[in-house]
Amino acid sequence: MGFLASVLLLAGVLPAQGDVLYVTSPGTGNGSIQRIDSLSNVSTFASFGAYDRPVGLTFSSVGNLFVSDSIGNGGNPVIYRYDSSGSRSVFTTAGLLAHPGALAFNTSGNLYVCNAGANAILKFDSQGKATAVAGYPDLLSPNGLALDKSGNLYVADASYNKVEKFDAYGNASVFANTGLSNPSGVAFDSNGNLYVSNSANNTVDRFDSQGRGTLFANSGLNEPRGLAFDSSGNLYIANQGDNTIEKFDPQGHGSLFVSSGLNDPCYLAFAQVPEPPASILVLVGCALLLYRPSPFPRLRSLMMVHSRN
């Protein structure tokens, strides 16, 4: 094999960066947050105590992970924040919290919380100040929530079997209420279609911007809950019924993504890791080194790909 071919081959097999999936596993005892790479390898990102129940999770625009603990050490609900190093701090323990669940950020950096125990939606600013933006009678059992590109809020309501839409002023309207059965998770694709998981009948429906629905998936699902899209448009679904995660491509073809290592998987969120800048070949003496900068400031990769004695 020639010198240039050797360099290209070695450069080609370097591992690429990709999306990393995070999932809450409330479990029946100690809860946890699991981290899953693109090869389906599962590792524990964070562990919780026996009286905690991590449920919702979402990433802020700067990469901090926010997690709702619906019980909070036996009766004190809390929302935690994890920085990029994995260090945890308390974001809020506001007295308004009542079994907080799903979480989502808007483009202004406000955090929306599905406050299931109070049948309400709370909005927290960056300082942790809370306001109620939606509640009963529009909502009875709010589960999943998501925001569209215009800032409208969509909430899956398991008791009313509907998805409620709230505009920026808090005005409510029914977005979808046909074919839903205990809707739990909601997520938008890049085209603005809303996907809804139905835990009671093991399906996922897709709704266009006008609320017109079609069946997207009805195989490989077992009490589907949380939904999340990767950067390639694939949909991932947490199956609470059999502790798995199913992956569907944009055409609706499904495959098993994770089959072990989870305990009652609930909600999902992707941390999108950027591709590193282009690799650079550096000649040092008689050695040719391949330098690959890392997207993380403290990490660098330097690899000898050829040495001529």
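Select β13 (153-157) and β14 (162-166), which form a hairpin with 4 residues between them. Helices (H or I, at least four residues) and strands (E, at least two) are DSSP runs, numbered from the N terminus. In the turn, asparagine 161 has a positive phi of about 50 degrees. This is a predicted model, in which local features need pLDDT of at least 70 and side-chain atom pairs count only at pLDDT 80 or more, while totals for chains, interfaces and linings use all residues. Residues are numbered from 1 along each chain as its sequence is written, and side-chain values use heavy atoms, with hydrogens and water left out.

β13 and β14 pair in the antiparallel sense over 5 bridges; two strands pair if DSSP finds at least two bridges between them. Pick leucine 153 and look across to phenylalanine 166, its bridge partner in β14.

From phenylalanine 166, the bridge partner in β15 is alanine 172. This second hairpin has 5 residues between its strands, and glycine 170 takes a positive phi near 90 degrees. Colour β14 by burial: 4 of its 5 residues are buried, so the strand is largely enclosed by the rest of the structure. Buried means under 20% relative accessible area, exposed over 50%, and partly exposed in between (1.4 Å probe, protein chains only).

Go back to the loop between β13 and β14 and select tyrosine 160. Tyrosine 160 counts as partly exposed because its relative accessibility is 32%. Show Tyr136 and Leu140 as well: with Tyr160 they form a nonpolar patch on the surface, with about 300 Å² of accessible area together. A salt bridge is a side-chain nitrogen of Lys or Arg within 4 Å of a carboxyl oxygen of Asp or Glu. Accessible areas come from the Shrake-Rupley method with a 1.4 Å probe; for residues, only the protein chains shown count as cover.

Now select histidine 99, in the loop between β7 (88-92) and β8 (100-105). Histidine 99 is partly exposed, at 48% relative accessible area. Leaving aside neighbours within four places in sequence, its contacts (heavy atoms within 4.5 Å) include Ser70, Pro77 and Cys114. Proline 77 is 22 residues away in sequence and 6.4 Å away in space, C-alpha to C-alpha.

Finish on cysteine 114, which is buried at 1% relative accessible area.

How values were computed:
Patch = residues over 30% accessible without salt bridge, like charges linked within 9 Å, V, L, I, M, F, W, Y side chains within 5 Å.
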